Structures are given as C-alpha cells and as structure tokens.
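Subject: Structure handover

Hello,

Here is the structure I promised to pass on. Please open it first, then read the notes below it.

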Amino acid sequence: MQQALTLESENGFRNIHGRKERFNTFVARELISLDSKHLPKEKIDFLISLSEGFEAYDSSPESARRRLVIDTRKALYSLSKVFDPPTTIKPPKLRLPNQKDYSNVEINVKDSTPSLDSTLSTVKGIGSKTIELLASLGIFTIRDLLVHYPRDYVDYSQLKRISSLEAGETATIVASIRRTNYFTSPRNPNLSVLELLIQDSTGRIKLTKFFAGRRFSNRGYLMKQVSQYPTGSTVAVSGLVKEGSYGKCFIDPIIEVLENQGTSIKSKSIGRLIPIYPLTEGLTAVRIRRVFDLVLPFAAFWKDPLPQERISHHSLMSIQNAMNQIHQPNNLESLNAARRRIVFDEFLCLQLALLRKRNLFRKKPAPQLKKVNQINSLTSQFYSLLPFSFTNEQKRVLHEIESDLESSEPMARLLQGDVGSGKTVVAIAALLYAVDSGWQGALMAPTEVLAQQHYKNLCKWLPQLHVTVDLITGSTPNSRRKQILDDLSTGGVNIIVGTHALIEDSVSFSRLGLVVVDEQHRFGVYQRDLLLRKGLQPHLLTMTATPIPRTLALSIHGDLDVSQINEMPPGREKIKTSMLQFSQRNKVFDLIRAHIKKRHQVYFVLPLVEESEKIELRSAVDVYHELSNDLFQEFNVGLLHGRMSSLDKNSTINSFVSGEVDILVSTTVIEVGVDVPNATLMVIDHADRFGLAQLHQLRGRVGRGASFSECILIDSGKNSDSRKKLEYLVGSTDGFEISEIDLRMRGPGQVLGTRQSGLPDFALANLVNDSHVLELARKEALYILNSDPELNSYKLLKDNLDLHWKRFLGNSQLN
Ligand SMILES: Nc1ncnc2c1ncn2[C@@H]1O[C@H](COP(=O)(O)OP(=O)(O)OP(=O)(O)O)[C@@H](O)[C@H]1O
C-alpha cells in the first residue's frame, strides 16, 4: 500500500490506474481489510474513515487528496510498528580495509629532510589557503598538527539492520537499492534532491541527498547522480538516522556502492569512527581530514620517549601508532588504546615535573624543629585553653605534621578536610610547635577578610601563652608596617598573619621555621615559593577546604604529601538544606525571623555587589536596602562586599562576630574561613550561579556550633542542569563527594583554580576522568626517578620537561 501511495504522490495525485484497478479503489479496500488484524477499535475507526475518504477521492480537490494520501502514509507507518516488530537479524560483515601501515608509506615532502618540526608548507598537497587557516588555529608545524587532537568522534562503526535503526543514532547499514528518484524543489530552483529507497531483509528506508546551487540543478548533473546508484546494486550507508514524516530516514549520509556484499569498503568514513576537529571558519571537516591523510605518515618520525621494556610493561601502544589511531581509529578499541597512551605521556610529564620539584625542595636543609619543653609545651597549654578536645583525626594529622617538622628535610604537606572539620586549630598548634622550638611562623591567607579572621582567632589564645602575633595586609598603615617589619626581622614577632603583603621584598624574617598557606589553590605556585625563600628553607603546610579524593590530590599536588582530616568535631548536627524558588521568598523571610528570634544570626549571600546592566540579578546592595529599610527594620542588617574599604569591612565583620548584626548581607567574600558559630541560617540567592564546591563552602559558614542550622538555596529557575546541581547539594553534605562531582562537572581549572596554581592545560588528558592512568603515570614517574634521578637515559623526556615544564617547576626551585 505504501508503494501505491508513493507512486500516487509522485504522479500528482491523479488517481493513477494500476494493472487491474484504480488507485483509490485499491487503497479503500486494503484499508478496510486491515480490520482483520485485531487492531484497537480507535485505529479501525480511523482506517474506515480514511477508506471512506478514498471512495470520494475522484470528486475531491487536489489539496484534499494530497492530505488524504499523507494521512494514510502516516497511519500505515504507525501500524507498521505494530505489525513488524524489530527483527534481530544479524547484519552482514562490513569489510573495512586495514589501517595503512605508515612505516612503509612514501612521504610526500617538498624538501629532503623532513622532521616533525618542519612547517606544513614542506608537505606536498597542502595549499597555502589551508596553511593560513591552520595558522589561525596556532598550527604551524607537522608536530602542531599531529597534536591537534579530535574533540570528538562520530561512530559509524555500528553496523545495523534497517528495522533496528533508532532515530538520533549514527549507524551504518548495507542494503540494496530499490528505487532512485530526483527532483528540483518547486519552491527553490537552486535546490535539488536525490532520493534512494533501499531495502534489506528487515525493511526499507529512504535516503535523501540535497544539492544546493544552480549548477547542481541541471538535469544532466542529476541524471549522472542517479546513474551512480543503479537499482538492485548494494550500498553501504553511514549517517545520522532521523525521524521523518513517513518513518525513519537518512539525510545526506555517506554512500558507497559495493560490487557485492563481501567487497571491501574504500571510503575512509563508512563504518568507521570519524574524528571531529575543533575548526575555524573556512576550514571544513573534509578539508582538515584530507590534511591529516597527508600528514599522518610523518607520525613515523615521532620518537618514543619510553624504552620498549616500559611500553610493554604497561601494555601501552607505541606512540607512532597512537598518533595514527587517535586521528584515524580502526575501531573503538584501538582509539581507546591510543588515547590511553597519549594521556599516559601527558601525565608522566606532569608527575615527573612534580616529583622532581619535590626532590629538589627536599634536598635543601630545613630547620629541625625540636620541642623544647615536652611537658608544658605551648601546644599542650593551647589545648588547655580550648573549650573542646582535639578529635582523633586532628591528633593524628598533627602528629604527621610534627614528625615532618622534626626532620631536617623540609616538610611540604597539604592538609585537607571538609569545611569546619577543624583544620585551622591544627595549623595553629603546628605554628605553636615552631615557636616552642625557637622559630617563627607565618600564616598566609588569600583575602584580607580571612587574614583578619585568623589574626583574631590567634589573638584569642596566643597572648595568654605569651606568644606575640601580628597582622600585615595591603591596608596596614605605613608606620605600623615599618614597626612590624622591624619586629619580624629581629624576632620580636613570633607569628605573623598576612595576605600577599607577606611576600613583598621588604619582608624578612629572623628565623622563619614554618609557613602555613591557607586556601593554597588561590595562590600561584610562584607566590608560595616566594614566601618559602624567606627562610633557610622553612617547612610548608598548605590547607584546602576543597577536599578531593586522596589519589587525585596526590597526583595534582604531586609535590606535596597529603594529610586528611576524615571526621567532623562531635556534636555537629547535619545542616538541613532546602531549595526554594524566588516566588517562595516569603518563606525565607519567615525563616530569617524564626532564627533571629532564637538569638541566632543569618547570612544572606548574593553573587553581585551592585546591579549590572548585562545580567539581571538581584545584588547585595539592593537586597541590603530591601531588608534593612523595609522588611526587617527591627533587626540590625549589615552589608559586606569586596568593594568596601578594609576599615568598613572589618567593622562589619566585627559587628557580626560580636552578635551586634543579626543579618549579614554579603557577596562571596565570606566564602572561606569566616567562623561565627552563632550563625545558623545561610540563604544563598541565585544559588544556581555558583559552583557546587563553592556552595558547599558557603553552606559551611553555618553549622559550626552545636545548634540546628539550615541553608536555603534560592534557584533562579532558568535551567534544569543547575537545578540538578542544587538538588545534589540538598541531598549531600559530604565535601569530598561534592567536590568530586564538581570536578566532573566543571573540571579542576574551575574548581581548584589549577590554572593559577600552575597546572598546565592538557591536550587530551582529563585529571578527573583519567584518574586511573594518572595513578599509573605517577608510579612510572617514581620508578624512573628512583632508577635515574637525572633522567640521563630518558633524554626525550628530559628535553620535554625542560621545554614545556620549566614555568611549572618554578624557576626559583630549579636554580
Ligand atoms: N575538636 C573540635 N571540637 C569542637 N569544635 C571544634 C573542634 N575543632 C575545631 N572546632 C571548632 O569548629 C569550628 C571550625 O573549626 P576550624 O575553623 O578550625 O575549621 P576549618 O576546617 O579550618 O574550617 P574552614 O574550612 O571553614 O576554614 C571552629 O569554631 C572551631 O573552634
């Protein structure tokens, strides 16, 4: 019936005459006969109404006939799903030619001594226009092109039968041509269409190829196209399956006519994984693939930086083969093996650089900090001042730090733990240990707000222990600053807290023994190193409240040892987290009232300071006015943001810490370190604008005391992905889990600020998803450096490190 309907529409709905009868009589009868197939009643009723339509076909206008034919085709198509459930007949085998063995291929060069660093103009067959376009992508040499990896692949390797094709998938089929047809669009004379109806033993499908442009619309050209696809011949087809009005179809697929089903495919695209490259305007996918055909033979010149024994040990693919397979994979398996090899090499360089840096750092002699007074040490006096005892985890971690400090090798240790797990008190205990041994300590924080907080915290306890502490930031007045600098250089100050101001040249210490860097990822490696150069070789403790899985931490911060606090102080209740829409804001105001009535305090966080013309967001200043002038006149509302002067910032924070301010409207300046245990409600407006780890940090500003605390996330409701993110936060309070998800969603660059801390961008590797290769590469780097610390037998690796990793290593450490 579908065939008759197709013919009728191709003949202009003239009610064509078949061998025995007219089209309408045939269809009207056939439609009713479907009645015997036990269809649901509504379907039979619909078929009967169509059949009646065909009885009146002759007397109907053309538009009604056309409509009737279209409706019938659609109805039949939907019935075909009921009658012909997908079959699972195995497709024939597609014979793909083996990948070229490039080692024997003649190389197309214009000069006689090609190398990976030759420019692309030395390769025969690449035109000057293409060279120019590639240059705009930063690709000049053969090596540049080889490491211009595909950003994705289209998978045509799935050989399927027609009945099992699914709309939206890319697939390859082998079938025979039933009919070929062409026409020029009645509406656009420059658009011509070639249609092939192809069939295998499970069904039929239509392929459509479009030809845009006047020269393709002449009859001769189209006839030639048709003649390329003779009826009855076998074709292999690769493309995206789409759902058309009359069922599934391929639009503009790649087609190759085969002599018979066993013939090898010549096309480089059919049945394969096709690479998709980051492109630039004018550089088409086809053109760049052609350039790779010419350049891939040069991969044979790529010298493997690893000896064969290590390659076999880790079952790695050779680098030459990996270069070929990453650009022209034979199959998914070889693509994965190629990717694994290239990622391994990228990580190996990272790990070698980190471990070499660590070894160099450790070679320098460090002060051996020995506790002077074991019984009445400053640390034990500090314990007795605290209103709580250290948790077992805090004790364990402090012990790890103390054993490092006793050694003559400088400590380089990362202390990680969830928000509020008590890292800061551990760091204070370590600083006191340094003072007890006769050395000075420095605590560097990324923001002035945080430096102030730490300073205040220390001032709670240290004066009672007769330990002198001072603060130096960008806003310290000159006269005061001079005094502090004098005290530091003469040893009059035991512990100094500060921001970047600490690393200025004018700052010098008398005996700097321990440097603590808080939120270390917010500082560049270089800044951290500058502070370390201010002592003999002080010990280094860095802290982060964005904890990441231990193995990943070891690899990302491979130059550091990792200590991890794995438990929260006792008595902490889980922070109840809820998500609300802007329309439910009144509920938020009721909650604010309820918390303040219980004599607790509230944070109200927003992403922007002031209204912006570019993005429509409520700003901190707006909300501050709304809350203070309108909604909560009876309470004290404070405003805190980064554009305020240090003096104003301090006075607001002090009022919040002392409990004078009930509601603190703030931007994310409070994100890290602010510690007000009486604050029990955190409201985050436009919560969808923040990253997961950042939201967790913000939430961590409450729940720091024993009282019940909660966090309200107000969703702007713009996008379902960000809603999912917020839902995730509602369901979990585990910082390790949350940062891992955030790492997967946004990558380490965003979450850990790795770009600032010097971690390079990898061409292919992904620190989170490729963590198993990362671990393997770390083991290999350890193996290599143990057996050959100077990399004398690994010249290529050494050159690579010198060339690309010097900045990362930090010149200060290498010299
Ligand atoms: N063992 C403990 N028992 C009870 N309370 C503790 C304990 N250790 C720390 N605290 C308190 O818990 C709060 C959080 O501690 P601290 O500021 O040291 O955590 P943190 O991990 O540095 O937090 P953040 O990640 O927010 O910087 C502080 O008020 C601190 O006094």
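Start with helix H15 (residues 448-461). Helix H15 lies across strand E11 (440-444), E12 and E13, and runs at about 150° to E13. Helices (H or I, at least four residues) and strands (E, at least two) are DSSP runs, numbered from the N terminus. Axes are lines fitted to C-alpha atoms, for helices over the stretch in contact, and angles run from 0 to 180 degrees between N-to-C directions. Contact is set by C-beta atoms, placed from the backbone, within 7 Å.

Two notes on reading the file. Residues are numbered from 1 along each chain as its sequence is written. The model is predicted: local features need pLDDT of at least 70, side-chain atom pairs count only at pLDDT 80 or more, and totals for chains, interfaces and linings use all residues.

The sheet

E11, E12 and E13 belong to an open sheet of seven strands, in the order E12-E13-E11-E14-E15-E10-E16. The pairing is parallel. Strands E12 (469-472) and E16 (561-565) stand at the edges with a single partner strand each, so one side of each has no neighbour in the sheet. On average, neighbouring strands are turned by 20° against each other, direction ignored. Two strands pair if DSSP finds at least two bridges between them. E12 and E13 have four, in the parallel sense.

Thr 499

Thr 499 sits in the loop between strand E13 (495-498) and strand E14 (512-517). Is Thr 499 buried or exposed? Thr 499 is buried, because 21 other C-beta atoms lie within 10 Å. The cut-offs, with C-beta atoms placed from the backbone, are 20 or more others within 10 Å for buried, 12 or fewer for exposed, and partly exposed in between. Not counting residues up to four places away in sequence, Thr 499 touches Ala 445, Thr 447, Glu 448, Ala 451, Thr 473 and Gly 474. Leu 471 is 28 residues from Thr 499 in sequence and 8.8 Å away in space, C-alpha to C-alpha.

The ligand

The ligand is surrounded by 19 residues (C-beta atom, placed from the backbone, within 6 Å). Phe 388, Gly 422, Thr 424, Ala 545 and Pro 569 are the closest. Helix H14 (residues 423-436) gives the largest share of the shell, three residues.

The whole chain

The chain has 28 helices and 22 strands. Of its 815 residues, 39% are buried.

Best wishes

Key. Two residues are in contact if their C-beta atoms, placed from the backbone, lie within 7 Å.
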